[in-house]
Amino acid sequence: MRKASVSILSHLSRYKPKSVAPLLSRNYISGPSSSSSPLVSPTHLKPCFKTNGLLFKPNQFRTNPIRNMDTLVEKPNQLSSRQRKIQEKTELEEAFESANTTEEMLMAFKDMEPAFDERELGLASLKLGLKLDQEGEDTEKVLSFANKALKAFDIDDKLPSLPLAMTLQLMGSANYDLKRFADSLGYLNRANRILGRLELEGISGEDFRPVLHAVQLELANVKTAIGRREEALEHLRTCLEIKEVMLEKDSMELGKANRDLAEAYVAILNFKEALPYCLKALEIHKEHLGQNSVEGAYDRRILGVIYTGLEEHEKALEQNELSRKVLKNLGRSSDLLRAEIDAANMQIALGKYETAINTLKGVVQTADKESKIRALVFITMGKAFCSQEKFVDSKRCLEIACGILDKKETTSPVEVAEAYSEISMQYENMNEFETAISLLKRSAALLQKLPQEQASEGSVTARIGWLLLLTGKVAEAIPHLESAASILKECFGPKHYGVGYIYNNLGAAYLELDRPQSAAQMFAVAKDIMDVSLGPHHADSIEACQNLSKAYDTMRSYALAIEFQQRVIDAWESHGSSAEDELREARRLLEQLKKKACGSSSNDLPMKALPSPHTNVSSGSS
């Protein structure tokens with residue numbers, strides 16, 4: 001995802017359709033200070049006149065133009081001490097303003113420091129921090145200048161200002177680069193609140209919107225990094241809405257923004273929502289660049305992935321072929337190889353296994369011997385052989401891929417971790433569960449070292465727990481499932497359906513260990529989550545309710561078991577004829593429970609439904 005503050009300095013200078021004032025223009029200065037100093041940094045945004053300088057220079061003699069003229073012809077040694085100070089400051093700030101390179105700006109700033117106090121240097125610190133951030137300089141240095149600016153602007157929380165919001169955005173960006181995601185989120189959320197207050201006060205327009213866009217984009221970056229992808233999508237949608245206001249209709253920049261949003265939806269497998277944005281991006285790029293542009297080829301490649309996700313495989317292959325044709329004509333060999341692998345995956349989905357293998361044989365001859373592309377080719381070829389149940393050939397391909405990936409763990413940990421997960425699925429399909437678990441553990445070990453991959457780590461850990469449960473290693477499965485639940489709750493929130501599935505598996509694990517009371521608690525949590533996230537009539541929500549009934553049955557609490565079994569029947573009835581088999585089985589289980597209830601001892605005390613374990617299981621520590 002694009003870096004948000006690359007920068008606010010020139011972030012929207014490329015938006016030519018509507019002119020944008022320089023973001024550090026005098027529009028941010030509240031007005032002349034009564035002090036003799038050239039600037040007291042602003043604490044509140046008010047309309048004012050623009051001047052050429054970064055620092056405001058009130059003319060002390062404007063009320064007397066004749067004296068002003070006399071002053072101009074005075075010799076330097078006739079100037080008063082106060083006038084010499086003003087002149088020196090003017091020269092220093094002009095030197096800073098005229099600096100073109102980062103080195104020149106740093107030297108000018110160093111010269112300014114003895115002459116100006118901390119507050120007066122606020123805007124200069126901000127501008128220099130943004131410049132350093134834009135050029136990818138040392139992040140600690142960026143943070144140092146951002147901190148100087150923050151001390152200047154962060155004076156009174158009751159008087160929010162645009163420079164303060166800009167500074168907080170820069171602080172958020174620098175902390176994001178340093179992988180201090182919690183700190184980054186704190187600064188960005190505060191910047192967002194300040195911008196909201198300024199908007200309520202009627203502040204908007206060409207200076208305001210670029211800052212709002214930068215904050216929203218950085219929030220999307222941070223929340224994507226910590227796995228809160230649904231929330232990140234909200235920020236990306238806001239970014240697109242801001243651009244739609246600022247830019248001409250169907251501008252090139254809007255094409256890129258629509259594609260970015262489509263890719264974000266693809267990342268969370270929401271292909272239906274991704275489709276219109278990707279189609280819009282393609283439409284814009286075709287209008288500006290014609291049928292055979294690189295941008296259009298990228299759009300079509302993503303469209304292919306989207307149509308594959310929607311199981312419209314013929315459409316996917318059609319878009320992929322158009323994309324490959326353009327990439328080949330333009331000599332984009334690396335992109336072309338990846339598109340060829342995409343095509344092979346689409347052919348596998350259509351059952352055209354030999355065609356897919358032939359496509360991949362062509363790619364493998366072109367790819368470098370020890371490249372990641374070559375590893376991906378063998379993973380996909382292994383998938384094709386596995387689909388034909390040619391397991392020996394499949395394993396040989398996957399072993400070659402693992403041999404390549406093993407050497408890439410240090411340089412490309414995320415891609416290698418993803419590849420190990422993909423390979424593990426092939427071994428899982430071949431019932432080679434030990435190998436699948438081993439590969440997933442290697443993937444998790446890589447992801448644990450990367451804070452921005454927390455969500456992926458949680459998903460991989462959950463799969464390890466599920467496979468251990470599947471292979472009868474129940475006691476070993478539980479800590480993996482508990483860890484996954486804790487990680488994913490932190491990433492997605494406690495009511496995400498993925499967390500519900502993990503609790504459902506935890507319930508099954510406890511039931512297997514003959515701990516029905518713990519199982520009932522887990523199933524209750526799972527049912528609560530799924531009712532909220534999926535709806536009570538979703539098949540997975542019904543399954544959680546069924547499992548809860550089973551747990552109460554095991555505890556011989558038949559009244560509760562019957563109550564939840566009746567809910568299962570009611571839910572399946574809402575599905576109509578499509579769920580006749582499930583409804584028949586649910587009714588059979590209900591009759592069985594009623595017979596057990598009639599035969600149970602009259603001395604058995606009725607049991608109340610177990611409360612959800614909010615104090616333990618629902619906490620971050622699971």
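The exercises below, each with a worked solution, concern a predicted model.

Residues are numbered from 1 along each chain as its sequence is written. Local features need pLDDT of at least 70 and side-chain atom pairs count only at pLDDT 80 or more, while totals for chains, interfaces and linings use all residues, and side-chain values use heavy atoms, with hydrogens and water left out.

**Exercise 1.** Determine how many helices and strands the chain has.

Solution. Helices (H or I, at least four residues) and strands (E, at least two) are DSSP runs, numbered from the N terminus. Counted in this way, the chain has 26 helices and zero strands.

**Exercise 2.** Decide whether Pro516 is buried or exposed, and find which residues it touches.

Solution. Begin with its place in the chain: Pro516 lies in helix α23, residues 516-533. Buried means under 20% relative accessible area, exposed over 50%, and partly exposed in between (1.4 Å probe, protein chains only). Pro516 has a relative accessible area of 16%, and it is therefore buried. Contact means heavy atoms within 4.5 Å, and, leaving aside residues up to four places away in sequence, Pro516 touches Leu511, Ala551, Thr554 and Met555. The C-alpha atoms of Pro516 and Met555 are separated by 6.2 Å, although the two residues are 39 apart along the chain.
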